[in-house]
Amino acid sequence: MADSWIDIWKGGEQLIQQSDEENLNRKAVIILKIQKSAEDYLEAMLMLKEEKGYIRSVDIADKLGITKPSVSYMVKNLRENGYLTMDHSGFITLTDSGMEIAVRIYSRHKLLTEAFVLIGVNPETARDDACRVEHDISDETYNALKEIVADEEVRKKLKEEAVT
């Protein structure tokens, strides 16, 4: 027997609700990707500042291996959200909030790279893996790794085990 109109209506309502939840999940994934991307840009800018003493869009594009228009778009968004400023010559400066994010991500990157190398991972692979992990690792896990990497006895033991 065919479903009643009430059953059909309730089923449609459930589909709409499910569709809305799926859309929210998709939006959350997109926002997460944007945040990770923004963090990558800010981290790259900090690295460039350390390497060259200045930050320019063209150098960001070269460092990240992306197009200049992509950099221009992200720099505009980061500037509009208060993470950086750009002078009339095109030199970029991180604001306090931009620097805070960049330092957090870059510190995580360096520590994770060091931890991965310490357990015997090839340095290039360790850097690549650190790039993927630095955004998602919990503060608890990061702080535990930080303690391990700082512990000279643990470092010595791990180095000895890596050699044998």
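Me: How do you know which residues S57 is in contact with, once its neighbours within four places in sequence are left aside?

Reply: Contact means heavy atoms within 4.5 Å. By that criterion, and leaving aside neighbours within four places in sequence, S57 is in contact with K68, V71, V75, M86 and I92. The model is a predicted one, in which local features need pLDDT of at least 70 and side-chain atom pairs count only at pLDDT 80 or more, while totals for chains, interfaces and linings use all residues. Residues are numbered from 1 along each chain as its sequence is written, and side-chain values use heavy atoms, with hydrogens and water left out.

Me: Why is S57 called buried?

Reply: Buried means under 20% relative accessible area, exposed over 50%, and partly exposed in between (1.4 Å probe, protein chains only). The relative accessibility of S57 is 9%, so S57 counts as buried. S57 is found in helix 2, where D59, I60 and A61 are buried as well. Over the whole protein, buried residues make up 26% of the 164 residues.

Me: What makes up the protein in helices and strands, and in which order do the elements run?

Reply: The protein has seven helices and two strands. Helices (H or I, at least four residues) and strands (E, at least two) are DSSP runs, numbered from the N terminus. Read from that end, the order of the elements is α-α-α-β-β-α-α-α-α. Helix 2 is followed by G65, whose phi is positive, near 70°.

Me: What is the packing angle of helix 2 and helix 3, and which residues make the contact?

Reply: Helix 2 and helix 3 (residues 68-80) pack at an angle of about 115°, and their axes are 9 Å apart. Axes are lines fitted to C-alpha atoms, for helices over the stretch in contact, and angles run from 0 to 180 degrees between N-to-C directions. Helix 2 contributes S57, V58, I60 and A61 to the contact, and helix 3 contributes K68, V71 and V75. By class, this contact of helix 2 with helix 3 has five nonpolar, one polar and one charged residues. (Ala, Val, Leu, Ile, Met, Phe, Trp, Tyr, Cys and Pro count as nonpolar, Asp, Glu, Lys and Arg as charged, and the others, Gly among them, as polar.)

Me: Why are helix 4 and helix 5 called oblique to each other?

Reply: Angles under 35 degrees count as roughly parallel, over 145 as roughly antiparallel, 65 to 115 as roughly perpendicular and the rest as oblique. Helix 4 (residues 96-118) and helix 5 (residues 123-133) pack at about 135°, with their axes 8 Å apart. The two helices are therefore oblique to each other. On the helix 4 side, H109, L112, T113, F116 and V117 take part; on the helix 5 side, P123, A126, R127, D129, A130, C131 and V133 do. The contact of helix 4 with helix 5 has eight nonpolar, two polar and two charged residues.

Me: Why are helix 4 and helix 6 also described as oblique?

Reply: The axes of helix 4 and helix 6 come within 10 Å and cross at roughly 55°. Helix 4 and helix 6 are therefore oblique to each other. S107, R108, L111, L112, E114 and A115 of helix 4 meet D139, Y142, L145, K146 and V149 of helix 6. These residues divide into six nonpolar, one polar and four charged.

Me: Why does V149 count as buried, and what does V149 touch?

Reply: V149, in helix 6 (residues 139-150), has a relative accessibility of 7% and so counts as buried. Not counting residues up to four places away in sequence, V149 touches L111, E114, A115 and R155. V149 and A115 are 34 residues apart in sequence, yet 6.2 Å apart in space, C-alpha to C-alpha. Across the protein, 54% of the contacts between residues at least 6 apart in sequence join residues at least 24 apart.

Me: What makes Y54 and F91 an aromatic pair, and which arrangement of the planes is it?

Reply: Rings of Phe, Tyr and Trp (its six-membered ring) pair if their centres lie within 6.5 Å; planes under 30 degrees apart count as stacked, over 60 as edge-to-face and the rest as tilted. A search of the whole structure finds one aromatic pair. Y54 and F91 stand 5.8 Å centre to centre with 90° between the planes, an edge-to-face pair. Y54 lies in the loop between helix 1 (5-52) and helix 2 (57-64) and F91 in the loop between strand 1 (84-86) and strand 2 (92-94), so the pair ties together parts that are 37 residues apart in sequence.

Me: Why are Y54 and F91 called partly exposed?

Reply: Y54 is called partly exposed because its relative accessible area is 31%. F91 is likewise partly exposed, because its relative accessible area is 34%.
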